[in-house]
Every structure is written in C-alpha cells, then in structure tokens.
Amino acid sequence: MLALHRTSLAASIALAIVVLCLYVSLGAAKPAAELHWLDVAGEGGTALLCGSCLILILAGRPAGHVTTLLALGLGALMLGAWADCLDEFFKVPSTQSWDSWLEAVCTLGGGLVLTFGLHHYRLEQLTLSEHLHKRERLFRDHRSFDRVTHIANADYLRRQLTIEASRAPEDAASLVLLDVDRF
C-alpha cells in the first residue's frame with residue numbers, strides 16, 4: 001500500500017532536504033565541542049520516530065481524508081524535530097528568526113493536524129465497529145433465515161425491532177411489510 005503514497009513520501013523527503021539546505025546555506029557549522037549530544041539524540045530520535053510512524057501509517061492505510069491528516073501531522077512534526085536537531089549542528093545569526101519560526105510552526109501545526117486526524121480516525125473506527133457489530137449479529141442469527149429465500153423469520157424481525165428501538169427510543173421509526181400472494 002506504500003506505493004499509493006509515493007508522492008507524500010517524496011514530499012516529506014524533499015522538505016527534509018530543503019530544511020537541511022537552509023541550515024547549511026544560512027547557518028555556520030558549530031564546532032564539535034559545542035554540540036549537545038543529548039539534545040541531538042532526543043530531537044533526532046523524535047524526527048526518526050515521527051518519520052517511522054509516517055511510513056507505518058502510509059503503509060497500512062488506503063488513501064483518504066483521515067490518512068492525509070495523519071500523514072500531514074506526522075510529517076510536520078518530523079520536520080519540526082528535524083529542524084530542532086539541525087540547530088544543534090548549525091548556528092543561525094540572531095538577526096534571523098526563521099529557524100525558530102520553522103520549528104514552532106511545524107511542531108505546533110503538526111500537533112494540531114495530527115490531533116484532528118486522530119479525532120477523525122476515532123470516528124472512522126466507531127463507524128467500522130458499528131458495521132462489524134451488525135454483521136456479527138447477522139452471522140450469529142443465521143438460523144433465523146430461510147435457506148431458500150434468505151428472508152428472516154418473524155422472531156428475527158421482532159428481535160431487530162427491539163434492538164433498534166432501544167438504541168434511539170426518542171426517534172420515530174417506520175416499518176413496511178409486504179405480503180406477496182402465491183409466492
């Protein structure tokens with residue numbers, strides 16, 4: 001399924017390279033003595049974990065609205081952590097604030113988009129669970145169906161009416177019955 005998302009992956013890699021080029025061209029390399037390796041490990045590790053989660057999401061989900069939100073959120077978080085890691089290696093002049101803006105916008109924006117995507121993922125899962133529950137109920141009650149016509153018997157209809165009425169007792173409902181003579 002990862003092949004469906006080649007564009008998203010290519011865009012993420014391209015943006016990571018652009019961010020690297022920004023730091024290389026606009027910043028000055030710090031001497032090794034000034035590097036904070038714990039920060040490098042934490043920020044670089046966060047970028048790697050976000051990138052790994054991005055790949056896992058894209059490999060396991062079909063294209064769609066929820067997948068796009070999750071991918072955008074994780075991609076932005078990855079870029080924010082990547083920029084935060086790169087500022088450990090490069091010193092940007094204090095007159096320029098683009099690096100702080102890049103980290104802040106990517107991290108905050110990515111977190112918001114990911115949260116929104118997770119909310120829609122939850123709604124998607126609730127809908128799927130409801131469909132699976134109905135399907136399970138149908139399979140469990142297979143003896144209630146006639147083998148020839150595949151029509152449910154009266155006991156099954158009564159049980160379904162009771163279940164549906166208990167789910168939303170305040171909602172109005174209609175039932176249509178047809179009697180076919182000489183069937």
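Student: In this predicted model, how are helix 1 and helix 4 oriented to each other, roughly parallel or roughly antiparallel?
Tutor: In the predicted model, helix 1 (residues 6-26) and helix 4 (residues 98-140) pack with their axes 12 Å apart and at an angle of about 160°. Angles over 145 degrees count as roughly antiparallel. The two helices, helix 1 and helix 4, are therefore roughly antiparallel.

Student: Which residues of helix 4 does helix 1 meet, and what is the hand of the crossing?
Tutor: The crossing of helix 1 and helix 4 is left-handed. From helix 1, the residues in the contact are Val19, Leu22, Tyr23 and Leu26. Their partners in helix 4 are Trp98, Asp99, Leu102 and Glu103.

Student: How do the residues of the contact of helix 1 with helix 4 divide by class?
Tutor: Asp99 and Glu103 of helix 4 are among the residues that meet helix 1, and Asp and Glu count as charged. The contact of helix 1 with helix 4 divides into six nonpolar, no polar and two charged residues.

Student: How many aromatic pairs does the structure hold, and what is the geometry of the rings of Tyr23 and Phe90?
Tutor: The structure holds three aromatic pairs. A pair of aromatic rings is described by the distance of the centres and the angle of the planes. For Tyr23 and Phe90, the ring centres are 6.5 Å apart and the planes stand at 40°, so the pair is tilted.

Student: How many residues apart are Tyr23 and Phe90, and are they buried or exposed?
Tutor: Tyr23 lies in helix 1 and Phe90 in strand 2 (residues 90-91), and the pair links distant parts of the chain, 67 residues apart. Buried means under 20% relative accessible area. Tyr23 has a relative accessible area of 0% and is buried. Phe90, at 16% relative accessibility, also counts as buried.

Student: What kind of pair do the rings of Trp37 and Phe89 form?
Tutor: Trp37 in helix 2 (residues 37-60) and Phe89 in helix 3 (residues 65-89) are 52 residues apart, and their pair links distant parts of the chain. The ring centres of Trp37 and Phe89 are 6.1 Å apart. Their planes are at 75°, so the pair is edge-to-face.

Student: Are Trp37 and Phe89 buried, partly exposed or exposed?
Tutor: Exposed means over 50% relative accessible area, and buried means under 20%. Trp37 has 52% relative accessibility and counts as exposed. Phe89, at 26% relative accessibility, counts as partly exposed.

Student: Which residues form one aromatic cluster with Tyr23?
Tutor: Tyr23 in helix 1 is paired with Phe90 in strand 2. Trp98 belongs to helix 4 and is among the residues in the contact with helix 1. The residues that form one aromatic cluster with Tyr23 are Phe90 and Trp98.

Student: How are helix 3 and helix 4 oriented, and how do the residues of their contact divide by class?
Tutor: The axes of helix 3 and helix 4 come within 7 Å and cross at roughly 155°. That makes helix 3 roughly antiparallel to helix 4, and helix 3 passes helix 4 in a left-handed crossing. By class, their contact has 16 nonpolar, eight polar and four charged residues.

Student: Where is Ala71 placed, and which residues does Ala71 touch?
Tutor: Ala71 belongs to helix 3. With a relative accessible area of 10%, Ala71 is buried. Not counting residues up to four places away in sequence, Ala71 touches Leu54 and Leu58.

Student: What is the hand of the crossing of helix 4 with helix 5?
Tutor: The axes of helix 4 and helix 5 (residues 154-167) come within 13 Å and cross at roughly 155°. That makes helix 4 roughly antiparallel to helix 5. The crossing in which helix 4 passes helix 5 is right-handed.

Student: Which residues of helix 4 and helix 5 meet, and how do they divide by class?
Tutor: Glu130, Lys134, Arg137 and Leu138 in helix 4 meet Tyr156, Gln160, Ile163, Glu164 and Arg167 in helix 5. The residues of this contact divide into three nonpolar, one polar and five charged.

Student: Is Arg158 buried or exposed, and how many Å apart in space are Arg158 and Tyr23?
Tutor: Arg158 is found in helix 5. At 51% relative accessibility, Arg158 counts as exposed. Arg158 and Tyr23 are 135 residues apart in sequence, and their C-alpha to C-alpha distance in space is 69 Å.

Notes: Residues are numbered from 1 along each chain as its sequence is written. This is a predicted model: local features need pLDDT of at least 70, side-chain atom pairs count only at pLDDT 80 or more; totals for chains, interfaces and linings use all residues. Side-chain values use heavy atoms; hydrogens and water are left out. Axes are lines fitted to C-alpha atoms, for helices over the stretch in contact, and angles run from 0 to 180 degrees between N-to-C directions. Helices (H or I, at least four residues) and strands (E, at least two) are DSSP runs, numbered from the N terminus. Angles under 35 degrees count as roughly parallel, over 145 as roughly antiparallel, 65 to 115 as roughly perpendicular and the rest as oblique. A crossing is left-handed if the near helix is turned anticlockwise from the far one by less than a right angle, and right-handed if clockwise. Contact means heavy atoms within 4.5 Å. Rings of Phe, Tyr and Trp (its six-membered ring) pair if their centres lie within 6.5 Å; planes under 30 degrees apart count as stacked, over 60 as edge-to-face and the rest as tilted. Buried means under 20% relative accessible area, exposed over 50%, partly exposed in between (1.4 Å probe, protein chains only).
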